[in-house]
Structures are given as C-alpha cells and as structure tokens.
Amino acid sequence: MPTVTCIEDLKRLHKRRAPKMFFDYAESGSWTEQTFRENTTDFEKIRLRQKVAVDMSDRSTVGRMLDQKVAMPVALAPVGMTGMQNADGEIKAARAAEKFGVPFTLSTMSICSIEDVAEHTSAPFWFQLYVMRDEEFVDRIIERAKRAGCSALVLTLDLQLLGQRHKDLKNGLSAPPKLTPATMLDLSTKWTWGLEMLRTKRRFFGNIVGHASDVEDTRSLMKWTAEQFDLKLDWEKVRKIAQKWDGKLILKGILDAGDARKAVECGADAIVVSNHGGRQLDGALSSIRILPSIVREVKGETEIWLDSGIRSGQDVLKALALGADATMIGRAWLYGLGAMGEKGVTTALEVIRKELDLTMALCGERDVADLGPHNLLVPRDFEGEWQESGGSAGVAQGLRGVLTGRAQ
C-alpha cells in the first residue's frame with residue numbers, strides 16, 4: 001500500500017492504473033479547459049488567517065446536510081461511468097461513503113444501476129437525474145429511485161447538451177471501450193483493471209440498458225443518449241419533476257444569483273453552486289468565485305453547497321468560510337476509486353477530513369459551524385471587475401453583512 005498524503009497522490013496512482021480514455025474522462029474539461037483549471041487555481045487566491053494561543057481541543061468536523069448528520073460537510077457528487085474507473089465502482093464508492101458517514105450520489109449515467117447499489121448498501125443514497133426527452137423513462141427512473149429508498153433527488157440543470165471535451169472525442173470514449181489497436185495497446189498495460197472488469201457483469205449503463213425503450217445494447221444506447229437530453233428543460237419542468245419526486249430536492253448547476261433565486265422559488269431544499277467541473281461552459285467563472293454572489297442572494301432560504309474544484313480539506317474550509325453550508329466532491333473521490341477501489345475512496349475522504357480538521361485548528365476554530373469570513377483573507381477584486389452589478393468591493397466585507405451571526 002503506497003503512502004498517500006494528499007489527493008494528488010491518488011491522482012497519480014489512478015493515472016497509472018486506469019485505461020487512458022477513462023482517466024482522461026475524469027481529468028478533462030470542455031474546449032480550452034480554462035474553467036476546469038480556474039476551478040482549482042481560484043481557491044489558491046484565497047488565504048487563511050492563522051490564530052494562536054486558542055483552545056484547539058475537542059474539535060469537530062461533523063455537520064448536517066438536508067437534516068442528515070454527516071462526518072463532515074462533504075458529499076460524493078454524481079460522476080458518470082464510475083464503474084469504468086474500477087469494476088463495480090459505484091457500489092464500492094457508495095459503501096465507502098456509508099462507512100465514513102457522508103452521502104453518496106448515484107449518476108443517471110452510472111454503470112451500476114440504482115438497484116445494484118441499493119442491493120449492496122444499507123444506508124439511503126441520493127440519485128442524480130438528467131432530464132431526458134423520453135418522459136416515460138424519466139417517470140420510471142424516478143419511481144425506481146423511490147423504490148430503492150433514495151432519500152434525495154439531485155436534478156442536474158447544466159447538461160441539456162454536452163459541452164465538447166476534446167480528449168473524449170480523440171479517445172473514442174465508450175463503455176465498454178471499443179477495441180481499436182490503440183485501445184488494445186493501452187489495455188495491455190492495465191492488466192489489473194482488465195482482470196477486475198472481466199470478473200464483473202456490470203460494463204454498460206445499468207440505469208438505461210433494458211430500461212429505456214429500444215435500448216438493448218451498446219449501439220442502440222449511444223444513439224438513444226445522443227438524442228435524449230432535453231433541450232427544452234425549463235423552470236416549469238423543474239417544478240413538475242419536483243412534484244413527481246415529492247421529496248428532498250437538490251438543484252445542481254447553479255452559477256448565477258438570479259438562477260439561485262428561481263431555484264428557491266421551485267422549492268429546492270439545497271442548491272449546488274457548480275459548473276459541472278468545467279466540463280460544460282468553458283469560460284464561465286469558477287464556482288468559488290460565483291459563491292459569494294449566490295450567498296448574498298439566497299443565504300438562509302435554502303442550503304447552499306459548492307461543487308467543482310475541491311481537492312483538499314483546505315478547499316472545503318474556504319468554501320464553508322465564504323458562506324457555503326456544505327460541499328460536494330467529484331474528482332477527488334474518483335481518483336481514490338481509480339487508484340485503490342473502495343479503500344481509495346475511503347483514503348480520499350480521510351485525507352480531506354484530516355486537512356479540514358488541522359487547518360480549522362490552526363485558524364483558531366474547533367467546529368466547522370463556526371467558520372466564517374473572519375477566517376479568510378480574500379483579494380478585494382476576487383469576484384472580478386466584470387460582475388454585472390455591485391462593484392468590486394471586498395468579498396469578506398460583503399459577506400459579513402449576510403453572515404453577521406458567524407462573524408467575530
């Protein structure tokens with residue numbers, strides 16, 4: 001077992017172990033990948049305020065997400081094709097999350113089905129829905145999620161069509177992979193991955209094959225998927241889906257204060273400030289830069305979570321201190337899965353929690369609930385001169401007016 005001290009260690013192991021097309025799928029953004037890069041580099045612009053001679057004993061990272069107690073305010077975000085990074089990947093990740101005490105979210109485009117994950121876990125998990133043109137399919141998959149005991153629906157709003165990801169097109173991404181000469185050469189060096197995939201029956205999109213009309217194999221699946229994302233998804237359809245679900249609703253993909261307001265009006269129990277990990281609209285601002293404007297707009301009216309760019313416990317702390325109620329991680333846990341399966345996901349969570357705990361202590365805090373703008377040093381122009389209104393006043397000053405009860 002290698003010594004893992006940070007998420008970057010898991011990323012290197014993942015790259016060595018997984019086939020190139022699947023690692024590239026995890027590690028890519030759309031077009032120039034500007035937003036993909038800035039999701040992480042913008043966290044670096046925010047600095048931490050050290051405090052000394054304070055009581056650092058009895059610290060707690062425990063938080064709550066949708067009234068659920070969590071080991072830390074971090075949930076595993078939905079990631080498509082997880083079962084191609086590691087055999088039965090969604091099941092392994094869900095088990096790791098359950099044991100650790102954080103929520104797991106299953107993607108519509110998962111390899112393991114809703115029923116597969118429910119059969120191999122005991123704690124309720126969340127289900128992420130892509131809205132398709134086939135309304136009967138959408139209705140059926142919502143009912144399947146209900147029968148499986150899913151405790152929340154994560155409705156992704158920012159993928160009505162696919163952003164172009166150059167690596168995926170050049171690699172001929174598919175599940176399972178097409179056996180071209182280049183693919184076969186790559187797979188020949190990833191024999192551990194290959195042996196595990198040979199031992200599982202789960203190699204296709206389990207939520208779709210056999211459940212969508214006329215989708216029975218890879219060829220029909222690719223054709224169906226290319227035609228099915230609902231270009232007409234609007235706020236009225238969001239309301240209708242919320243009514244059909246009639247449970248905890250999380251709206252993911254919010255990157256505008258006005259959209260955050262509309263999400264609240266639709267009855268969202270939580271919104272996820274996210275740009276799909278930089279995989280959709282390249283050139284959009286990073287999630288962490290957008291967060292303060294959304295906090296000012298809807299703080300206290302719904303839970304605000306941040307997704308996209310988190311690679312450490314320090315990133316989690318910065319998001320919480322800027323006003324997020326919780327966070328979601330995608331690539332961080334996927335690196336762990338690709339590197340070491342279920343153990344790797346657990347390792348990723350342990351790394352993040354340790355970093356969060358130690359950084360919190362060195363910032364003079366004992367509980368994540370006490371984090372706030374007073375723990376940060378934020379550049380005055382962090383939100384950017386291009387913002388629509390409000391000027392470029394310091395983020396921390398603006399947030400203190402919203403988070404008065406948490407500032408010191």
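In which strand does Ile271 lie? In this predicted model, Ile271 belongs to strand β9, which covers residues 270-273. Because its relative accessible area is 0%, Ile271 counts as buried. Leaving out residues up to four places away in sequence, Ile271 touches a set of residues that includes Leu251, Ile254, Ala260 and Ala263, and also Ile294, Val298 and Trp305. Lys45, by contrast, is 226 residues away from Ile271 along the chain, and the C-alpha atoms of these two residues are separated by 24 Å.

A charged residue can be buried as well, and Asp315, in helix α14 (residues 313-321), is one that is buried yet has no salt bridge. The nearest side chain of opposite charge to Asp315 is that of Lys318, 4.8 Å away, whereas a salt bridge requires the nitrogen and the carboxyl oxygen to be within 4 Å. Apart from neighbours within four places in sequence, the residues in contact with Asp315 are Phe43, Gly309 and Ile310.

Side chains of opposite charge can pair when their charged atoms come close, and the structure holds 27 salt bridges. One of them joins Lys99 and Glu342, with the closest N and O atoms 2.8 Å apart. This pair links distant parts of the chain, since Lys99 is in helix α4 (residues 89-100) and Glu342 is in helix α15, 243 residues apart. Lys99 counts as exposed at 66% relative accessibility, while Glu342, at 19%, counts as buried.

Another salt bridge brings together the side chains of Glu301 and Arg261, at 2.7 Å from N to O. Glu301 lies in the loop between α13 (287-298) and β10 (303-306) and Arg261 lies in helix α12 (residues 257-265), so this pair ties together parts that are 40 residues apart in sequence. Glu301 is partly exposed at 43% relative accessibility, and Arg261 is partly exposed at 22%. Elsewhere, Glu8, Asp9 and Arg12 are linked in a network of salt bridges.

Finally, the largest pocket holds about 1,000 Å³ of space. Of the 43 residues that line this pocket, those closest to its centre are Tyr25, Leu162, Arg165, Asp168 and Arg279. Among the elements that each supply at least two residues of the lining are α2 (20-26), α7 (166-171) and α15 (331-362), and α10 gives the most, with 3 residues. By kind, the lining residues divide into 21 nonpolar, 14 polar and 8 charged.

Notes
Residues are numbered from 1 along each chain as its sequence is written. This is a predicted model: local features need pLDDT of at least 70, side-chain atom pairs count only at pLDDT 80 or more; totals for chains, interfaces and linings use all residues. Side-chain values use heavy atoms; hydrogens and water are left out. On a 1 Å grid over the protein atoms alone, a cavity is a set of points where a 1.4 Å probe fits but cannot get out, and a pocket is an open set with protein on both sides within 12 Å along at least five of seven lines; lining residues have an atom within 4 Å of a point. Grid points are joined across faces, edges and corners, and a volume is the space filled by probe spheres set on the points. Helices (H or I, at least four residues) and strands (E, at least two) are DSSP runs, numbered from the N terminus. Ala, Val, Leu, Ile, Met, Phe, Trp, Tyr, Cys and Pro count as nonpolar, Asp, Glu, Lys and Arg as charged, and the others, Gly among them, as polar. Buried means under 20% relative accessible area, exposed over 50%, partly exposed in between (1.4 Å probe, protein chains only). Lys and Arg count as positive and Asp and Glu as negative; His and the chain ends are not counted. Contact means heavy atoms within 4.5 Å.
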